[in-house]
Amino acid sequence: MASVTTIKAREKFAKAHAEGKAVPKITHVGWGTGGVDSNGNVIAPSPSQTKVAGEFIKKPIDSVSYPNASEGDYTVVRFVATLSPTDSNALGKAVSSVGLYDQEGDLIAIKNFGSKLIDEDSTDIEIVWDETF
């Protein structure tokens, strides 16, 4: 699984540190079909991307947690999102890319992986994304 933080995200972090600007909350996950080439090989995502490759649906994040909070460690944030065969435009798609979007609509991070076909017999696809600081 290949992942990258976008240039836009790094710009927002830099402005937060230098200028005191707020970093927008991550609110959505985009699901796409463009994470592999024609031979099925995973493509490394580009930090200059502004949209998930082949994006066909954007959904709200299901949950956010701090998996190490019981130890007083808040350096990892966990985002969980689910794609179901019953979601709009999902049936028949070969999902191979996901991305986190902030509340301003900017793509913050992207992950590409081997294709997972969504058909009538598919179970939900859940993505668990840990962002480590």
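Is Gly92 buried or exposed? In this predicted model, Gly92 is exposed, because its relative accessible area is 54% and exposed means over 50%.

**Surroundings of Gly92**
- Gly92 belongs to the loop that connects strand 5 (76–83) with strand 6.
- Leaving aside residues up to four places away in sequence, Gly92 is in contact with Leu117 and Ile118.
- Between the C-alpha atoms of Gly92 and Ala2 the distance is 23 Å, with a separation of 90 residues in sequence.

- An open sheet is built from 5 strands in the order 1-7-6-2-3, with antiparallel pairing. Its edges are strand 1 (2–5) and strand 3, each of which pairs on one side only. On average, neighbouring strands in this sheet are turned by 20° against each other, direction ignored.
- Strand 1 pairs with strand 7 (residues 107–117) in the antiparallel sense through 4 bridges; Ala2 has Asn112 in strand 7 as its bridge partner.
- Strand 2 (residues 26–32) is mostly covered, with 5 of its 7 residues buried.
- On one pairing, strand 2 runs antiparallel to strand 6 (residues 94–102) and is joined to it by 6 bridges. Within this pairing, Gly32 has Ser97 as its bridge partner.
- Strand 2 also pairs with strand 3 (residues 55–60), antiparallel and over 5 bridges. Here Gly30 stands opposite Lys58.

**Helix 1**
- Helix 1 (residues 7–19) lies across strand 1, strand 6 and strand 7. The angle between helix 1 and strand 1 is about 40°.

**Aromatic pairs**
- The structure contains 2 aromatic pairs. The pair of Phe13 and Phe133 is edge-to-face, because the ring planes stand at 90°, with the centres 6.4 Å apart. This pair links distant parts of the chain, since Phe13 is in helix 1 and Phe133 is in the segment after strand 8 (125–132), 120 residues apart.
- Phe13 counts as partly exposed at 27% relative accessibility, whereas Phe133 is exposed at 58%.
- Tyr66 and Tyr74 also form an edge-to-face pair, at 5.2 Å centre to centre and with 65° between the planes. Tyr66 is partly exposed, with a relative accessible area of 43%.

**Lysines over rings**
- Lys58, the residue opposite Gly30, lies over the face of Tyr101 at 3.8 Å from the ring centre.
- Lys93 places its charged end over the ring of Phe56, 5.6 Å from the centre of that ring.

Terms used:
Residues numbered from 1 in each chain as written. Predicted model: local features only at pLDDT ≥ 70, side-chain atom pairs only at ≥ 80, totals over all residues. Heavy atoms only, no water. Buried < 20%, exposed > 50% of the residue type's maximum accessible area, 1.4 Å probe, protein only. Helix = DSSP H or I, 4+ residues; strand = E, 2+ residues; numbered from the N terminus. Pairing = 2+ DSSP bridges. Contact = heavy atoms within 4.5 Å. Axes fitted to C-alpha atoms, helices over the stretch in contact; angles between N-to-C directions. Phe/Tyr/Trp six-rings, centres within 6.5 Å; stacked < 30°, edge-to-face > 60°. Lys NZ or Arg CZ within 6 Å of the ring centre and 35° of its normal.
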